[in-house]
Amino acid sequence: MEISKSRRTILAVPGSSQRFIDKSRSLDVDAIFLDLEDAVAPGSKVKARGTIVEALMEPQGWVAPCVTVRVNDMASPWAHDDLREVVGAAGDRIDAVVLPKVTDPDHVLQAAHILSAIEKDHGWEKGRIGLEAQIEEAKGLLAVREIAACSDRLVSLVFGPGDFMASMGMGGLSVGSQPEGYDADAFHYVLMAILVAARANGLLAIDGPFVGIRDLDGFMTSARKSAALGYDGKWVVHPDQIEQGNKIFSPAPELVARAQRIMEAYDQATSSAGGFTGAIEVDQEMVDEAGVKLAATLLARVHP
């Protein structure tokens, strides 16, 4: 599935809370997901489906250009009805479905099959509704390469730090924070494994939430690490995280200007007028085709 929408910040919105849904409509995030999973108590999940459908059908919509729904995991007793009832009623208002706790390609394929049936029943374009797979457990990480390659519907891979920390037995109780007593980055390996699998299959890579909503410095530190690796964006759980999240996952103006200089200088140097030169100097650094690829990649991430 073609990636067409930015995901610098993705706001988590409890599907059972009308107040949070209403507030989310005006927030300057690239995407929102209406949640039926962790943010909704088991006794409220069925009712939350109706709340989400009603919200999706409201004419005012969202400032966010991308609207998604997180269903319950495919091994749960709710997932199939989540898909049929929510997507079946309001699928033309949904860009993608977020699948949590994906540990096997079959989870994605099951969801894709149900979505295909719904699209066919409603006369919608086949494959219009994307899938975003959360990698949240040790089993999911081991199978991440197969998961990333299993369906054309996949749009992104998303790191789920809370469940991953639990599955690994990591210390600490703050989701997204580094476990106490370990000086290195405890998430580096999992972030890189997800990123490599995503990029090898043309998918976005999204970092999970940092739940310290009063710790903006901590959020920024977490976001900068994944942004530096090449992640496209990060989940946010509070409006205070949005501005910095958008900034961190956007190329800095000085880097954009340098990338433009590189592209212009290289285009000139490799032309007939420039003597078909293959390596040049820009800003006191040698630049060849590899450097041009870096510049082009950075410019492609500039938010419109």
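Contact here means heavy atoms within 4.5 Å. In this predicted model, Ser174 touches Met165 and Val211 by that criterion, leaving aside residues up to four places away in sequence. Ser174 turns up in the loop between α7 (161–168) and α8 (188–200).

Next come the aromatic rings. Searching the whole structure turns up 3 aromatic pairs. In one of them, Phe33 and Trp235, the ring centres are 4.3 Å apart and the planes meet at 40 degrees, so this pair is tilted. Phe33 belongs to strand β2 (residues 31–35) and Trp235 to strand β8 (residues 233–236), so the pair ties together parts that lie 202 residues apart in sequence. Phe33 counts as buried, because its relative accessibility is 2%, and Trp235 is buried too, at a relative accessible area of 5%. Elsewhere, ring pairs join Phe159, Phe164 and Phe187 into a cluster.

Arg19 places its charged end over the ring of Phe20, 4.5 Å from the ring centre. Another arginine, Arg25, lies over the face of Trp62, and here the distance to the ring centre is 4.2 Å.

How values were computed: Residues are numbered from 1 along each chain as its sequence is written. This is a predicted model: local features need pLDDT of at least 70, side-chain atom pairs count only at pLDDT 80 or more; totals for chains, interfaces and linings use all residues. Side-chain values use heavy atoms; hydrogens and water are left out. Rings of Phe, Tyr and Trp (its six-membered ring) pair if their centres lie within 6.5 Å; planes under 30 degrees apart count as stacked, over 60 as edge-to-face and the rest as tilted. Helices (H or I, at least four residues) and strands (E, at least two) are DSSP runs, numbered from the N terminus. Buried means under 20% relative accessible area, exposed over 50%, partly exposed in between (1.4 Å probe, protein chains only). A charge sits over a ring if NZ of Lys or CZ of Arg is within 6 Å of the ring centre and within 35 degrees of the ring normal.
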